[in-house]
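Please look at the sequence and the structure together, and then follow the notes below.

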Amino acid sequence: VPAGPSLTLFGRLALTRGRGADLPVSRLTFVGGLYPPSVLPGRFLPLAGARPQEFVGRSGQFARLGARWRPRRDLFFEIATEAGAAADDWTLDADELSFGLALTAGLVTPIGPVSVTFAGDAPDDLPTVGVRLGPDF
């Protein structure tokens, strides 16, 4: 949602649910990490501050709110807060959610966006650093 000439507000909400007693791994939801894995990317929900695929379950919840500032056409900065969880039962209990914060700086290049993200879940922990070079394949 545009909030000015160079500021955009964004959000995302994702809820997943797998049915059945013995679900194969391909039907589970994986939550955690900055970027989707190469295997089963469609069952992945990112979560800043969590280890890659830290949470696994039949149900998943994820919410993200943030802002993107583009002072120039080829330069952008983002800040986002996220919450998410995965479990075998469907719960929307705030005590079960993990929270994270992500700060990103990036350039738009001829090969696609190049960005660096710093993410964490607590002010006293060292952040996770992620680098993206171009689009996903």
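At 31% relative accessibility, Asp-74 counts as partly exposed, where buried means under 20% relative accessible area, exposed means over 50%, and partly exposed lies in between (1.4 Å probe, protein chains only). This is a predicted model, in which local features need pLDDT of at least 70 and side-chain atom pairs count only at pLDDT 80 or more, while totals for chains, interfaces and linings use all residues. Residues are numbered from 1 along each chain as its sequence is written, and side-chain values use heavy atoms, with hydrogens and water left out.

**Salt bridges**

- A salt bridge is a side-chain nitrogen of Lys or Arg within 4 Å of a carboxyl oxygen of Asp or Glu, and by this rule the count comes to four salt bridges.
- Asp-74 forms one of them with Arg-72, with the closest N and O atoms 3.0 Å apart, and Arg-72 is partly exposed, at a relative accessible area of 47%.
- Another salt bridge joins Glu-78 and Arg-68, whose closest N and O atoms are 2.5 Å apart.
- Because Glu-78 lies in strand 6 and Arg-68 in strand 5 (residues 59–72), this pair ties together parts that are 10 residues apart in sequence; strands here are DSSP runs (E) of at least two residues and helices are DSSP runs (H or I) of at least four, numbered from the N terminus.
- Within that pair, Glu-78 is buried, with a relative accessible area of 14%, whereas Arg-68 is partly exposed at 29%.
- The side chains of Glu-54 and Arg-51 also meet in a salt bridge, at 3.7 Å from N to O; Glu-54 is partly exposed at 31%, while Arg-51 is exposed at 57%.

- Three strands form an open sheet in the order 3-2-4 with mixed pairing, and two strands count as paired if DSSP finds at least two bridges between them.
- The edge strands of this sheet are strand 3 (44–45) and strand 4 (55–57), each of which pairs on one side only.
- Strand 2 (residues 29–31) runs antiparallel to strand 4 and is joined to it by three bridges, and Thr-29 has Gly-57 as its bridge partner in strand 4.
- Phe-44, which is found in strand 3, is buried, with a relative accessible area of 9%.

**Surface patches**

- Patches are made of residues with over 30% relative accessible area and no salt bridge, where like charges are joined within 9 Å and nonpolar side chains (Val, Leu, Ile, Met, Phe, Trp, Tyr) within 5 Å.
- Accessible areas come from the Shrake-Rupley method with a 1.4 Å probe, and for residues only the protein chains shown count as cover.
- Ile-79, Leu-101, Leu-103, Val-116, Phe-118, Val-129, Val-131 and Leu-133 form a nonpolar patch on the surface, with about 700 Å² of accessible area together.
- Strand 7, strand 8 (112–120) and strand 9 (128–133) each supply at least two residues of the nonpolar patch, and the largest share, three residues, comes from strand 9.
- Leu-101 lies in strand 7 and is partly exposed, with a relative accessible area of 41%.
- A negative surface patch is formed by Asp-88, Asp-89, Asp-93, Asp-95 and Glu-96; Lys and Arg count as positive and Asp and Glu as negative, while His and the chain ends are not counted, and the place of a charge is taken as NZ of Lys, CZ of Arg, CG of Asp or CD of Glu.
- Asp-88 sits in the loop between strand 6 (75–87) and strand 7 (98–109), and this residue is exposed, with a relative accessible area of 52%.
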